[in-house]
Amino acid sequence: MRTDAAATVAEDQLKTSTDRILSELEGLEGPLLPILHALQAEFGFVPQQAVPLISDRLNLGRAEVAGVISFYHDFRAAPAGRRVIRVCRAEACQSMGGTDLAQRLQDKLGIGWGETTPDGSVTLEAVYCLGLCACAPAVQVDGDLLGRADMDRIETILEGAAQ
Amino acid sequence: MKIYLPRDAAAKALGAESIAAAIQAEATQRGIDITLVRTGTRGMIWLEPLVEVEIDGIRHGFGPMLESDVPALFDDLAAHPRALGPVDELDWMKRQTRLTFARCGVIDPLSLDDYRAHGGLTGLRRALDMTGQQIVDEVKTSGLRGRGGAGFPTGIKWQTVHDADAPQKYIVCNADEGDSGTFADRMIMEGDPFTLIEGMAIAGLGVGATRGYVYLRSEYPDAIAVMTRAVDIARAAGVLGADVLGSGRAFDMEIRTGAGAYVCGEETSLLNSLEGKRGVVRAKPPLPALEGFLGRPTVVNNVISLATVPVIFEKGAQYYADFGLGRSRGTVTLQIAGNVKRGGLFETAFGITLDEAVNDLGGGTATGRPVMAVQVGGPLGAYLPVSKFDAPLGYEELDAKGGLLGHAGLVVFDDQADMLQMARFAMEFCAIESCGKCTPCRIGAVRGVETIDRIAQGDGAAIELLTDLCETMKEGSLCALGGFTPFPVMSALTHFPDAFARQKEAAE
Ligand SMILES: Cc1cc2nc3c(=O)[nH]c(=O)nc-3n(C[C@H](O)[C@H](O)[C@H](O)COP(=O)(O)O)c2cc1C
Ligand code: FES
């Protein structure tokens with residue numbers, strides 16, 4: 001999990017949503033990951049306040065639920081910026097200048113991996129392979145995938161959405 | 001006018017969506033009636049977005065397409081600047097033996113009719129007339145070995161689960177595909193999802209499992225969407241469910257999403273994750289085949305292993321086994337990636353050499369500089385120098401050269417690559433992704449990064465330390481994450497000593 005300061009949501013909203021998600025998914029074999037994904041889809045992060053609700057319903061210790069959340073890179077403790085840029089750091093992308101591209105992005109945005117710009121506009125994340133290794137380097141801007149990515153194309157996408 | 005265009009993530013990443021929109025717009029403007037079929041990719045990623053137009057029943061390729069090339073698709077096609085001719089006649093296609101990927105890029109991935117028309121479900125129908133033991137025997141005869149990394153004989157794994165006595169057994173498909181340089185799993189899930197579903201159903205019939213799960217990495221949203229939809233379609237059509245193709249036998253499955261942990265590709269860590277636990281590695285034994293998901297007998301197989309099962313049952317085990325080299329039977333789905341002119345997926349009988357794959361098929365580097373190294377088999381695989389390019393690709397053959405075939409990804413590097421940095425990255429990656437359960441991996445990888453940094457600063461004595469550390473990690477790690485990270489590191493050190501020595505001179 002990311003290490004940003006934990007965020008919270010309004011109690012009643014949290015309870016309604018979490019109850020609904022739990023009722024929907026608790027019957028699955030191994031329901032915890034689907035529940036955490038659903039919470040993150042709902043709130044943009046996994047609120048810590050949901051931990052007691054989940055552990056009570058699934059009959060798990062709170063520490064166990066918290067331990068699962070913290071194990072996985074995907075789950076956030078606070079919302080991401082308005083745009084999320086994920087840059088592949090893995091080998092195939094490195095072979096095509098991915099490291100340099102990542103550096104230029106960090107310099108331009110003034111942030112490092114896992115950080116969000118102070119105005120909350122962009123979060124920058126490292127990812128290890130997007131399966132686009134035959135058209136490296138690969139970048140993902142929100143839902144858009146970019147193969148043979150370069151600064152120009154990333155900026156075009158960012159600007160396109162700002163308009 | 002019938003036009004085909006991939007919806008594969010790589011095609012999209014290279015602009016397929018804007019080409020699709022431009023085609024629709026141009027057709028509307030000209031008042032031409034078109035059918036635009038979105039397919040998977042043929043695997044010629046350097047030609048994406050690759051548009052195909054059917055002319056007299058033959059599909060002609062045009063690519064790589066720019067938006068500005070779209071209007072000409074509605075003029076004299078022979079004069080189109082991106083015309084490639086009939087796609088099946090292209091060198092890259094003609095030289096392949098497409099068994100697992102026969103339909104990928106050809107059909108509409110979510111059309112069960114298309115799937116059936118191209119041989120789909122023939123294997124499952126045949127399996128439904130066989131006993132569990134006959135199914136397992138057929139897989140043994142095919143010689144199929146796990147495509148996820150270790151190359152374990154699939155039939156033997158299935159036998160163990162078949163023989164286990166339990167009220168519930170499971171088929172778990174490992175779709176975590178975290179290795180850099182690999183995308184075959186993604187490609188087939190996006191381009192021919194029913195193949196995987198059919199393979200899992202046959203596995204279920206073989207071992208007596210009625211439930212299956214695909215553990216699919218969250219980095220693949222397109223594959224998740226296609227697979228989820230395909231499972232719904234298959235269930236609605238009676239391919240999945242309580243009465244598979246009217247046989248009275250049950251098999252159903254679900255798609256589960258990973259959460260961004262490389263180690264969850266390791267099968268026991270995957271099972272923990274699927275159960276909703278931290279993705280830490282379990283000690284073996286017990287084998288997952290005996291005590292797997294929720295403690296029940298479980299087949300854990302890679303996507304390509306399972307997606308190859310239908311063609312084995314369609315064409316017969318011997319047909320499949322007749323391809324290959326030595327103990328590597330059938331076809332290997334090579335993924336040619338990284339700094340390479342022509343990157344993509346190439347399915348061929350085992351035995352093709354690294355040289356042919358990289359230099360002939362791949363056409364050398366994208367940058368035009370000399371090829372220096374290829375990392376085979378993902379982040380836990382060795383860097384092989386050009387002097388080892390005569391190695392035929394087969395499990396044992398590559399092992400003899402100090403390499404690891406793994407999931408058959410080839411990542412090409414040109415002579416500008418900094419091999420010390422690549423070794424450092426291997427350690428860094430292991431440190432980031434370690435599940436933390438065993439010390440050699442968790443602590444060793446962190447020490448590894450520090451030690452390589454010392455070498456980079458000119459401390460030549462640290463090389464011996466690094467070698468010792470690699471030995472410790474190899475010997476003492478619980479799984480291949482810590483146990484195999486030494487391969488890329490030591491291969492870089494052994495084959496490219498200058499990269500480690502030059503640093504020393506720089507410091508002196
Ligand atoms: C760190 C690590 C990561 C792995 N990642 C994957 C993976 O992403 N996909 C996969 O199929 N196998 C992966 N494996 C191999 C699996 O543990 C297991 O051998 C495989 O899923 C068995 O299926 P197969 O016999 O069909 O290859 C990984 C192993 C290790 C040690
Ligand atoms: S290594 Fe970057 S997309 Fe695979």
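**The interface between chain A and chain B**

Good morning. The contact between the two chains takes 37 residues from chain A and 63 residues from chain B, where contact means heavy atoms within 4.5 Å. This is a predicted model, in which local features need pLDDT of at least 70 and side-chain atom pairs count only at pLDDT 80 or more, while totals for chains, interfaces and linings use all residues. Residues are numbered from 1 along each chain as its sequence is written, chains are lettered from A in the order in which they are written, and side-chain values use heavy atoms, with hydrogens and water left out.

About 3700 Å² is buried between chain A and chain B, and carbon and sulfur atoms give 57% of that area. Buried area is the accessible area (1.4 Å probe) that two parts lose on being put together, summed over both. On the chain A side, A:Glu29, A:Phe71 and A:Glu91 supply 20% of what chain A buries against chain B, more than any other three residues.

Two salt bridges link chain A and chain B; the term denotes a side-chain nitrogen of Lys or Arg within 4 Å of a carboxyl oxygen of Asp or Glu. A:Glu29 forms a salt bridge with B:Arg211, and the closest N and O atoms are 3.2 Å apart. By class, the side of chain A that touches chain B has 21 nonpolar, ten polar and six charged residues. Here Ala, Val, Leu, Ile, Met, Phe, Trp, Tyr, Cys and Pro count as nonpolar, Asp, Glu, Lys and Arg as charged, and the others, Gly among them, as polar.

Finally, B:Trp158. Leaving aside neighbours within four places in sequence, B:Trp158 is in contact with residues including B:Ile135, B:Val207 and B:Leu306. Thank you.
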